[in-house]
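Reader: I'd like to go through this model label by label and ask what each label rests on. Could you put it up first?

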Amino acid sequence: MFITLAVTAAFGAEISGVIGDEFGEPIKDASVYILDNRLGYAGDYTDELGRFVISGVPERDYRIWVVPAPSSNYPARFAPSGWSYCDGEPVTLGEEAVEGYAVELPEGGVVTGRVVYDD
């Protein structure tokens, strides 16, 4: 005889906030990810007002990675302003929800020109 036990764990940590530019304007359609130290992740997209909510995750430290839509002129960042995972500042998600977390992205540059020689 085999006995099967089903164990379910309800995760309840949550973070919500807004993604905007350096002038306070919301950035819509950005992907917002939270990554733990094992690179497990959860994510959401920002709405028209730049808001996001990620909930139902295990209580632990996470780094926040914001990836704007390809059509926007903003660079991806690990919050608050890092280029790599280790540059991001950890945020602890626990029993209390983290609300109002804000990330400000700088406007990116644009390169234009033409190729004159194949070499």
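Author: What follows is a run of questions about the labels used for this model, which is a predicted one.

Reader: Let's start with the fold. What makes up the secondary structure of the chain?

Author: Strands: there are eight of them and zero helices. Read along the sequence, the pattern is β-β-β-β-β-β-β-β.

Reader: How do you know that β1 and β4 are paired, and in which sense do they run?

Author: Two strands pair if there are at least two bridges between them. Strand β1 (residues 13-21) and strand β4 (residues 51-57) have six, and they run antiparallel, so by that cut-off they count as a pair. For one example, isoleucine 15 has isoleucine 54 of β4 as its bridge partner. Glycine 17, for its part, stands opposite phenylalanine 52 in β4.

Reader: And what joins β1 to β8?

Author: Six bridges again, but here β1 and strand β8 (residues 98-105) run parallel. Isoleucine 19 has valine 103 as its bridge partner in β8.

Reader: What makes β1 "largely enclosed"?

Author: Buried means under 20% relative accessible area. Seven of the nine residues of β1 fall in that class, so the rest of the structure largely encloses this strand.

Reader: Which strands form the hairpin with leucine 39 in it?

Author: β2 and β3, with five residues between the strands; leucine 39 takes a positive phi near 65 degrees there. β2 (residues 31-35) and β3 (residues 41-45) are antiparallel over five bridges, and leucine 35 stands opposite tyrosine 41 in β3.

Reader: How do you know how the chain compares with a compact globule?

Author: By its radius of gyration: a compact globule of 119 residues would have one near 14 Å, but this chain has 18 Å. The C-alpha trace spans about 75 × 40 × 25 Å along its principal axes.

Reader: Now the charges. Why is the contact of glutamate 48 with lysine 28 called a salt bridge?

Author: The cut-off is a side-chain nitrogen within 4 Å of a carboxyl oxygen. Here the closest N and O atoms are 3.8 Å apart, so the pair passes. Glutamate 48 sits in the loop between β3 and β4 and lysine 28 in the loop between β1 and β2, so the bridge ties together parts 20 residues apart in sequence.

Reader: Are those two buried or exposed?

Author: Exposed means over 50%. Glutamate 48, at 57% relative accessibility, is therefore exposed, while lysine 28, at 42%, is partly exposed.

Reader: What about aspartate 36 and arginine 38?

Author: They form a salt bridge too, with the closest N and O atoms 3.4 Å apart. Aspartate 36 is at 3% relative accessibility, so it counts as buried; arginine 38, with 61%, is exposed.

Reader: How many salt bridges does the structure hold?

Author: Four. One of them is between the side chains of aspartate 47 and arginine 51, at 2.9 Å from N to O. Through shared partners, Asp36, Arg38 and Arg60 are joined into one network.

Definitions and conventions. Residues are numbered from 1 along each chain as its sequence is written. This is a predicted model: local features need pLDDT of at least 70, side-chain atom pairs count only at pLDDT 80 or more; totals for chains, interfaces and linings use all residues. Side-chain values use heavy atoms; hydrogens and water are left out. Buried means under 20% relative accessible area, exposed over 50%, partly exposed in between (1.4 Å probe, protein chains only). Helices (H or I, at least four residues) and strands (E, at least two) are DSSP runs, numbered from the N terminus. The radius of gyration is taken over C-alpha atoms; the globule rule is 2.2 Å times the number of residues to the power 0.38.
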